[in-house]
Amino acid sequence: MNKLKTLLNSPYAFWLLLALPAFGLINGALAGGDLEPLLHPTGEFSARFMIIAMMLTPLRMLFPKSGAVLWLMRRRRYLGVAAFGYAALHTLYYVIDLGTLSAVVADITKFGIWTGWVAFVIFVPLALTSNDASVRKLRRSWKTLQRFVYPAAVATLLHWLFVQNSFGPALVHFVPLAALEAYRIWKVMSVNRLAAAASETTS
């Protein structure tokens, strides 16, 4: 039992779990087939890991005694880096699939494409600073930087909607996140109102 617990708590085991989908996606590319069918799965896994990472704070507020949520909270940066890794794979396959720089430049004018690029550009500094050294060096600025995940999420949603031309799958992924973030905002505002009321009472 202790060995199983140690294995589950190992960061290497968690990284392996996050990387499992990538093995098939990379193998499919190395097999020499068409990359176009791999574009959506790579982007979808990126969005999924980003959404899971973003859902953890409101879930922690909703279920403060949940051991599973706390366990994931401690590994949230891993999820963010995994989201970036799949986004990088998605972008790489997209560029290779188009074949030329001129084709990439011509395609970037489309709304569904440039929103994807915006999300990817935002992901880069977030992933690069998802380590203890950056947290120590940036201090309070680290949290400010990490909040850029919200515009990245909006850009990702728009990219998904306009490239796939289908609302259903994107909304299935993003509506739970939106609902939890709405709860988080409501909860914070309620706490602030109670604190303000208590302050007025004691003053």
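The legends below describe close-up views of a predicted model. Residues are numbered from 1 along each chain as its sequence is written, and side-chain values use heavy atoms, with hydrogens and water left out. Local features need pLDDT of at least 70 and side-chain atom pairs count only at pLDDT 80 or more, while totals for chains, interfaces and linings use all residues.

**View A. Helix H3 and its bend at Leu56**. Helix H3 covers residues 36-62; helices here are DSSP runs (H or I, at least four residues) numbered from the N terminus. Its 27 residues should span 39 Å, and the end C-alpha atoms are 40 Å apart, which agrees. The expected span is 1.5 Å times one less than the number of residues. H3 bends by about 35° at Leu56, with Pro58 following within four residues. The bend is the angle between axes fitted to the seven residues ending at a residue and the seven starting there.

**View B. Glu44, Arg48 and Phe45**. Glu44 and Arg48 form a salt bridge, 2.6 Å from N to O (a side-chain nitrogen of Lys or Arg within 4 Å of a carboxyl oxygen of Asp or Glu). The two residues are 4 residues apart in helix H3, about one helical turn. Glu44 is buried at 15% relative accessible area, whereas Arg48 is partly exposed at 30% (buried means under 20%, exposed over 50%, partly exposed in between, with a 1.4 Å probe and protein chains only). Arg48 also lies over the face of Phe45, at 5.1 Å from the ring centre (NZ of Lys or CZ of Arg within 6 Å of the ring centre and within 35 degrees of the ring normal).

View C. The whole structure holds 4 salt bridges. Glu181 is buried at 13%, and Arg184 is partly exposed at 24%.

**View D. Aromatic pairs**. The count is 13 aromatic pairs (rings of Phe, Tyr and Trp, the last by its six-membered ring, with centres within 6.5 Å; planes under 30 degrees apart are stacked, over 60 edge-to-face, the rest tilted). Trp160 and Phe174 pair edge-to-face, 6.2 Å centre to centre with 80° between the planes. Trp160 is in helix H10 (residues 149-164) and Phe174 in helix H11, so the pair ties together parts 14 residues apart in sequence. Both residues, Trp160 and Phe174, are buried.
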